[in-house]
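Have the model open as you read.

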Amino acid sequence: MLGQIIRYVPLAVCILSSSGIAVAQAAPSHEDRIAEELVAMELRDQEVRSAQKVDVNEVLRVDAQNTQRLNEIMRSMGWPRISAVGRKAADAAALLALHADRDPQFQRRALELMQPLVEMKEVNPEQFAYLWDRTHVPQRFGTQGGCRGTAWAPDEIEDPAQVESRRAAMGMRPLSEYVALASEMLCQAKR
């Protein structure tokens, strides 16, 4: 009997809500609020980077704000785990950490918090690889580099013979595909 009552409660809430009778909604959790905030921060990050005319000072200002806020979030809850904030917000946090180049100590701290969560599938491993490469010389995964003429090339890679196995372990495409894509997207337009 109790099971039947519990099973029908959500239906009753829907009927009451649709009939105009006010039904109390649960307040968003702390994690839900953090998730919304992280997604909004990522949106602002992308807006300033994709503006018709990019204002470098505005990009730096937004990066500083995002870094400060993400640091506060990390102090209060550790790294924003996928199970706590969802995949979209966790990926947003990783992108914000990646763009915190003016604070390498912060980036290293973020990486330390992320590392044990990779195997637990609480962090997108590819996002972790990008941040690892951004904070280490030589890099491990070949994600950082630049245009050499019309072709993109990775910066120095630690133990290059193993880069493909490391990339595969992180669920990343082969380096040759990444190089071709980066060359087309970043270097071809510079001709």
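Y178 counts as buried at 13% relative accessibility, where buried means under 20% relative accessible area, exposed over 50% and partly exposed in between (1.4 Å probe, protein chains only). This is a predicted model, so local features need pLDDT of at least 70 and side-chain atom pairs count only at pLDDT 80 or more, while totals for chains, interfaces and linings use all residues. Residues are numbered from 1 along each chain as its sequence is written, and side-chain values use heavy atoms, with hydrogens and water left out.

**Around Y178**

- The ring centres of W152 and Y178 are 5.3 Å apart with planes at 85 degrees, so this pair is edge-to-face; rings of Phe, Tyr and Trp (its six-membered ring) pair if their centres lie within 6.5 Å, and planes under 30 degrees apart are stacked, over 60 edge-to-face and the rest tilted.
- The two partners come from distant parts of the chain, 26 residues apart: W152 sits in strand β2 (residues 151-154) and Y178 in helix α9 (residues 175-187). Helices (H or I, at least four residues) and strands (E, at least two) are DSSP runs, numbered from the N terminus.
- W152 is buried too, at 5% relative accessible area.
- R167 puts its charged end over the ring of Y178, 4.9 Å from the centre (the cut-offs: NZ of Lys or CZ of Arg within 6 Å of the ring centre and within 35 degrees of the ring normal).

**The other aromatics**

- Searching the whole structure turns up three aromatic pairs.
- One of them is F128 with W132: centres 6.4 Å apart, planes at 40 degrees, so it's tilted.
- Both residues lie in helix α7 (residues 125-135), four residues or about one helical turn apart.
- F128 and W132 are both buried.

**Helices α5 and α6**

- Helix α5 (residues 87-98) packs against helix α6 (residues 104-118) at about 150 degrees, axes 9 Å apart; axes are lines fitted to C-alpha atoms, for helices over the stretch in contact, and angles run from 0 to 180 degrees between N-to-C directions.
- From α5, A94, A97 and L98 meet F106, Q107, A110 and M114 of α6, with contact meaning heavy atoms within 4.5 Å.
- That contact has six nonpolar residues, one polar and no charged (Ala, Val, Leu, Ile, Met, Phe, Trp, Tyr, Cys and Pro are nonpolar, Asp, Glu, Lys and Arg charged, and the others, Gly among them, polar).

**M77**

- M77 belongs to helix α3 (residues 56-77) and is partly exposed at 24% relative accessible area.
- Neighbours within four places in sequence aside, M77 contacts E31, I34, A84 and V85.
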